[in-house]
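Keep the picture open while you read.

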Amino acid sequence: MAKNIKVAILVGSDSDLPIVQETAGVLESFGIPYDIAIASAHRTPQRVEDFVESSLKKGAEVFIAAAGMSAALPGVVASKTIKPVIGIPIQGKSLNGLDALLSIIQMPAGIPVAAVALDKTGAKNAGLLAVGILALKYPELEKKLSEYREKLSKEVMEKDNELQKIGLKNYIASKGNK
């Protein structure tokens, strides 16, 4: 575990790790130190509390919690800290992630949790949202995030230029899409 961290990530199950790997990748690309652990809001509540407490001592400024089904983990984390908490809803088998999404967005007044999209898209956005939160305090992150957004815009414009140049059917064929 890192000694000085900016972001603390919790997953409710090891099956969530491939999804939050997207979050870790974003944080690493921005040079943001983080810790990650597996802890269940229902099966290991003391572990959740201990992780939040130790993360705060290590300097955590943002928490990210990923969970499926009842997705209680982000709310439990939020109940243990006043730092921002971002919840990543993980798609389950029975309700396709709707249960997790609704659990995260229906937090009671006074204990907010930010919600992002499901699964890998949400995990990537959780990392970017954490960067944005930290950029309020760290100007170098604001600059890096602006450069990242400019790169995204440039990529879209390049794709559109190609589309306009070669047409729809040729563009799709060139990408291997059918």
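## Where α5 meets α6

Start with a left-handed crossing: that is how α5 passes α6. Keep in mind that this is a predicted model. The two helices, α5 and α6 (residues 139-166), pack at an angle of about 135°, and their axes lie 7 Å apart. That angle makes α5 oblique to α6.

Who does the touching here? On the α5 side you'll find Lys124, Leu128, Val131, Gly132, Leu134 and Ala135, and on the α6 side Pro139, Leu141, Glu142, Leu145 and Tyr148. Sort the residues of this contact by class and you get 8 nonpolar, 1 polar and 2 charged.

## α5 again, this time with α1

Helix α5 (residues 119-135) also packs against helix α1 (residues 17-29), at an angle of about 30° and with the axes 7 Å apart. Angles under 35 degrees count as roughly parallel, so α1 and α5 are roughly parallel to each other. Is their crossing left-handed or right-handed? For α1 and α5, it's right-handed.

Now for the residues. From α1 come Pro18, Ile19, Val20, Glu22, Thr23, Val26 and Leu27, and they meet Asp119, Lys120, Ala123, Lys124, Ala126, Gly127, Leu128, Ala130 and Val131 in α5. By class, this contact of α1 with α5 has 10 nonpolar, 2 polar and 4 charged residues.

## α2 and α3

Next up is another pair. Helix α2 (residues 45-57) packs with helix α3 (residues 73-80) at an angle of about 50°, with 10 Å between their axes. That makes α2 oblique to α3. As for handedness, α2 passes α3 in a right-handed crossing.

Which residues of α2 and α3 meet? In α2 they are Val48, Glu49, Val52 and Leu56, and their partners in α3 are Leu73, Val76, Val77 and Lys80. Split by class, the contact of α2 with α3 gives 6 nonpolar, no polar and 2 charged residues.

## The largest pocket

The largest pocket has a volume of about 400 Å³. It is lined by 20 residues, and the closest to its centre are Ser13, Arg43, Ala67, Gly68 and Met69. Going by class, 7 residues of the lining are nonpolar, 10 are polar and 3 are charged.

## Stepping back

So what does the protein chain look like overall? Count up its secondary structure and you get 7 helices and 5 strands. Read from the N terminus on, the elements run β-α-β-α-β-α-β-α-β-α-α-α.

How big a box do the C-alpha atoms of the protein chain fill? Taken along the principal axes, the box is roughly 60 × 45 × 30 Å.

Key
Residues are numbered from 1 along each chain as its sequence is written. This is a predicted model: local features need pLDDT of at least 70, side-chain atom pairs count only at pLDDT 80 or more; totals for chains, interfaces and linings use all residues. Side-chain values use heavy atoms; hydrogens and water are left out. Axes are lines fitted to C-alpha atoms, for helices over the stretch in contact, and angles run from 0 to 180 degrees between N-to-C directions. Helices (H or I, at least four residues) and strands (E, at least two) are DSSP runs, numbered from the N terminus. Angles under 35 degrees count as roughly parallel, over 145 as roughly antiparallel, 65 to 115 as roughly perpendicular and the rest as oblique. A crossing is left-handed if the near helix is turned anticlockwise from the far one by less than a right angle, and right-handed if clockwise. Contact means heavy atoms within 4.5 Å. Ala, Val, Leu, Ile, Met, Phe, Trp, Tyr, Cys and Pro count as nonpolar, Asp, Glu, Lys and Arg as charged, and the others, Gly among them, as polar. On a 1 Å grid over the protein atoms alone, a cavity is a set of points where a 1.4 Å probe fits but cannot get out, and a pocket is an open set with protein on both sides within 12 Å along at least five of seven lines; lining residues have an atom within 4 Å of a point. Grid points are joined across faces, edges and corners, and a volume is the space filled by probe spheres set on the points.
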